[in-house]
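Keep the sequence and the coordinates open as you read.

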Amino acid sequence: MTGVRDARRIAAVAAAELEGHADDRALEAVVATLQLGCHVPIAVVNIVRPDLQTYAAEVGVGTPCTHVPDWLSFCAEVVDTGSALTVDDARSHPVYASNPLVAEGVIGAYAGVPLVDDGVVLGSVAMFDAVARAFTSAELEVLTHQAQLASSVLALRRASRTDALTGLPNRALFDDRLALAVARLDRHETLIAVMFLDLDGFKLVNDTRGHAAGDQVLAEVAHRFAGVLRPSDTLARVGGDEFVAVCEDLASPEDADEIAGRLTAAVEDGLEIDGVQVPVAVWIGIAVTGDADVDVRALMRTADEAMYRAKHRSGSSWFREPAVLPAR
């Protein structure tokens, strides 16, 4: 998937959470190898956003990001085309001569290749020289290998933070997202909701139709849940038939009820597995807070307890803790 402004690619970039100066030793090793092996003053792992270049790793830049319009950005061209790019003499180039860093004499030559993870071009691995010059075939080969290594680093990171069956974040990644969501409450006068979701009827599917059918149910349920949540929400599978979600930027606790209603409706008609209708329901427990000093463990525990209350009360498949949790 290419295209700097492609909405799906932008969502993938956000999900990768590769902010500038990430202090990632593996990616730092990639750019250090490029600098030493190719004798260039600047080497980067560049995560490309519209009109913004964010450096997950860099040597020679000294800043976590730069703002350059897409049409003047070497790396944006790599992302748009999904292909390698070399510019031997940037100052004589009909387009890149207008790049601010070229005009200032910082960049004279460029070589970059796509940085790909899970089929998405997130950005580029690139090197810059201050003077015009043609990069050798050996140098370009080193660049290609380092880009492949950077992609492998990202794939391993993604695998360690993703549930293999559903493709959703796992517990480790969810915990990170929840901690960030709570921290953001300090800057926003909004609420967040944590939801515990437990499937009803899943054990019967496993017992009567086998684990393969159970896996199909989990994958389809995950797809349906993700489809009714907002892009800013995080849904994770934390084990068995249990899911959790954190929903940010809520104006009131009742907003969480509305989201829970959508989640319930997503599976209320059951699922069709191998041509057979399988009844599935979901119980949801909700905890809401607007306090950046809340104990995250208490927030999770309250949502879990609310889910058990939902199972034992009639009239609704979800239960929201009525009190906003206090700080620890």
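By class, ten nonpolar and six polar residues line the second largest pocket, with no charged residue among them. The classes are simple: Ala, Val, Leu, Ile, Met, Phe, Trp, Tyr, Cys and Pro are nonpolar, Asp, Glu, Lys and Arg are charged, and the others, Gly among them, are polar. The model is predicted, so local features need pLDDT of at least 70 and side-chain atom pairs count only at pLDDT 80 or more, while totals for chains, interfaces and linings use all residues. Residues are numbered from 1 along each chain as its sequence is written, and side-chain values use heavy atoms, with hydrogens and water left out.

The second largest pocket has a volume of about 210 Å³. Its lining comprises 16 residues, and Tyr 55, Thr 66, Leu 101, Ile 107 and Phe 128 are those nearest the centre. Strand 1 (42-49), strand 2 (52-59) and helix 3 (74-81) each give at least two residues to this lining. Pockets are found on a 1 Å grid over the protein atoms alone: a pocket is an open set of points where a 1.4 Å probe fits, with protein on both sides within 12 Å along at least five of seven lines, and lining residues have an atom within 4 Å of a point. Points are joined across faces, edges and corners, and the volume is the space filled by probe spheres set on them. Helices (H or I, at least four residues) and strands (E, at least two) are DSSP runs, numbered from the N terminus.

Now turn to the largest pocket. About 1,400 Å³ of space lies there. It has 40 lining residues, with Ala 11, Ala 14, Ala 15, Ala 16 and Arg 177 nearest its centre. Two or more lining residues come from each of helix 1 (7-16), strand 6 (120-129), helix 5 (137-160), helix 6 (171-184), strand 8 (234-239) and strand 9 (242-250). By class, this lining holds 21 nonpolar, six polar and 13 charged residues.

Step back to the whole chain. It has ten helices and 13 strands. Its C-alpha atoms fill a box of roughly 75 × 45 × 30 Å along the principal axes. Of its 328 residues, 48% count as buried, where buried means under 20% relative accessible area, exposed over 50% and partly exposed in between (1.4 Å probe, protein chains only). Among contacts (heavy atoms within 4.5 Å) between residues at least 6 apart in sequence, 64% join residues at least 24 apart.

Ser 73 caps the N-terminal end: one of its side-chain oxygens lies 3.4 Å from the backbone nitrogen of Cys 75. After the helix comes Gly 82, with a positive phi near 70 degrees.

How many disulfides are there? The count is zero, taking a disulfide as a pair of cysteine sulfur atoms within 2.5 Å. For Cys 38, the nearest cysteine sulfur is that of Cys 75, 15 Å away. For Cys 75, the nearest is that of Cys 65, at 14 Å. Cys 38 is buried, at 0% relative accessible area. Cys 75 is buried too, at 3%.

Asp 198 sits in strand 7 (residues 191-200). It counts as buried because its relative accessible area is 7%. A 2.8 Å polar contact joins its side chain to that of Lys 311. Such a contact is a pair of N or O atoms within 3.5 Å; within protein, one must be able to donate a hydrogen and the other to accept it, and residues adjacent in sequence count only if both atoms are side-chain atoms. Beyond four places in sequence, Asp 198 also touches other residues, including Asp 241, Trp 283 and Met 307.

Asp 51, not a glycine, has a positive phi of about 60 degrees. It lies in the loop between strand 1 and strand 2 and is partly exposed, at 30%. Asp 249, in strand 9, has a positive phi near 60 degrees and is partly exposed at 46%.
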